[in-house]
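I opened my notebook to look up a few things in this structure, one entry at a time. Come along and check each entry against the view below.

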Amino acid sequence: MESPHLTMFGSDAGRAREILEVLARYGIAERSARTLAAADGSTNLATRFADPDLVKLAPGARLTAAFTELGTTWIKLGQSLSMRGDLVGADIAEALSGLQAEVPADPPGRAKERVEADLGAPVSELFTSFDVEPFASGSVAQAHHAVLTDGTPAVVKVLHSGAEEKVRGDLDLMKKVARFVESADPELARFNPAQMVDEFAEMMSQAMDLTNELRAMQRFARELDELDWLLVPTPYPELSATGVLTMEQMPGVQTKTSADVTGAGWSVDDLTKHVTNAWMTMIFDNGLYHADPHPGNFLIPDAEHVVLLDYGDVGYLAGPRRNDVIRLLTAVVGRDVSDLTDILLIVCNAPASTDVKDLEMAVDKWMAQYLPEDTASTDIDLNAAMTACMQLLHDKELSFPSDLAMLVRVMGRLEGFGIQLGSTVTMEEYLGPYLREHMIRENSPKKMLERLVRSTTSWTRMARELPRDIEILVQQLRKGETRLEINLRDPEELTDKLIDGLMASSSLLAASQLLANRTGPTVKGVSIAGLAAAGVSVVTWRNLTVRRNSHITVTEELMKLARRVR
């Protein structure tokens, strides 16, 4: 009877053995390999574990070599993990960043066959000319020059032959291996390999359907229309499909060096400023941003325009998440240790076991080392600071959600964009004014009223449903279907804070209802009872704030306020 360990791999058991054997030879997942070998009754696998010479290498070097040996999809996984220092640690992330997936172009004629199969017509009918030799080849697709029937020069991106089937099979097996390793090896389970692979699989699945890139190009063209200097190539939906993407060919020189930029009529600082402001607009106004802003993805056709290329890697930032990011960046720019600790606890979904004081001390130490207040922004290495922050999260067993991890990567690449071209302006200099403007908008009377209305609606709905919920709970308690245990340990005065918070919210809700209904007595149409309830809300909220910040002196409070105003 076959072992249940092998049953989970099905027909892929042979390849699973091969993968675990390679990992074990480099001293990775050895316990998982032994478990599988024992279940399989295999002796050859059990005798080919860790190579003493390979085990001497640093962990990052071993993982890099193992992924390289396992092939293209594993190399792409390594590249993805190179951006997740919070998951794998800074040293391993840095080592994985050197991975390169070298995928040769398909044999001549294969791309032409794919175009004809996907578009349902001979290439001679679709294009005036189609170059069967690609001018570029990436990990999932290659690019060909072509000319449309109206004479327009075009670029045709075509998936590699058999790419979908191979990637789909690799991802399916990768998920099985990750789940097996997570169950068989507690030491590796803390890295959440199944979660890592699931996030990677979603990204790769998106990349294997070129219609996703086409839709992204169309949306970017609409939302960036106000930036008349930034050009998006026009895609041609009628000449595109799952495995084919046709777009206009854009003129221009690549921005690999400062000489390229100045030779095309731009100054380096001006280009960096334009590009960074464009990304601020994408991230915080549109919620959709290009996730690979390296110089190779830009062309400069003249002294007034820039072309943005390659929309296969994009990020999304939903409305509530944007507020999290604004808070996070504001805390960093304002050097506010308490606020940064608070938002890290929220966005990392910190478990109850997290030592908040210890985390705050670590954040304080990190900020003092990498973002000292008395240091000019030009002397701050933002990439080093972000790398150290990701390591801090890794050490505290916290991790960013995938959307924020991608944003951290993009911020680093934006900083690298300017550095590579020799810009003297830093990311912090761009972020400061943008964050202040955003905070002014968010704290405008209109926005505050919108939040008050939403809050009032939520509290009203909860108040309406609370009696029924309590009745259901009481019935379950009487029947023994539910047991209620309250263990109160409150060294941080959390109960008092909760009560103050409830009182402040309830008073605010009451004030809004009384003022809106002009409940008497009134003065010039304003409810006196409503004003009183609003006053109670303000006082209670102030008490809550004072209790929360009781460890901060008045001088520190004033200094914090001064920094925010500045």
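Entry 1: I began with His-160, which counts as buried because its relative accessible area is 5%, under the 20% cut-off. A reminder to myself: this is a predicted model. Next I asked where His-160 is found, and the place is the loop between β4 (153–159) and α11 (163–184). Which side chain makes a polar contact with the side chain of His-160? I found Gln-142, at 3.3 Å. Leaving aside neighbours within four places in sequence, I noted several residues in contact with His-160, among them Val-103, Pro-104, Asp-106, Ser-137 and Gln-142.

**Entry 2: a sheet.** I then traced an open sheet of 4 strands, in the order β5-β10-β9-β7, with mixed pairing. Its edge strands are β5 (230–231) and β7 (253–254), and each pairs on one side only. I saw that β7 and β9 (residues 298–300) run antiparallel and are joined by 2 bridges. Val-253 has Ile-300 in β9 as its bridge partner.

**Entry 3: aromatic rings.** My search of the whole structure gave 6 aromatic pairs. One of them is Phe-67 with Trp-74, a tilted pair at 5.9 Å centre to centre and 45 degrees between the planes. Both Phe-67 and Trp-74 are buried. I also looked at Trp-279 and Phe-298: their planes are at 55 degrees and their centres 5.9 Å apart, so this pair is tilted. It links distant parts of the chain, with Trp-279 in helix α16 (residues 268–286) and Phe-298 in strand β9, 19 residues apart. Are these two buried or exposed? Trp-279 is buried at 0% relative accessible area, and Phe-298 is buried at 1%.

Conventions:
Residues are numbered from 1 along each chain as its sequence is written. This is a predicted model: local features need pLDDT of at least 70, side-chain atom pairs count only at pLDDT 80 or more; totals for chains, interfaces and linings use all residues. Side-chain values use heavy atoms; hydrogens and water are left out. Buried means under 20% relative accessible area, exposed over 50%, partly exposed in between (1.4 Å probe, protein chains only). A polar contact is a pair of N or O atoms within 3.5 Å; within protein, one must be able to donate a hydrogen and the other to accept it, and residues adjacent in sequence count only if both atoms are side-chain atoms. Contact means heavy atoms within 4.5 Å. Two strands pair if DSSP finds at least two bridges between them. Rings of Phe, Tyr and Trp (its six-membered ring) pair if their centres lie within 6.5 Å; planes under 30 degrees apart count as stacked, over 60 as edge-to-face and the rest as tilted.
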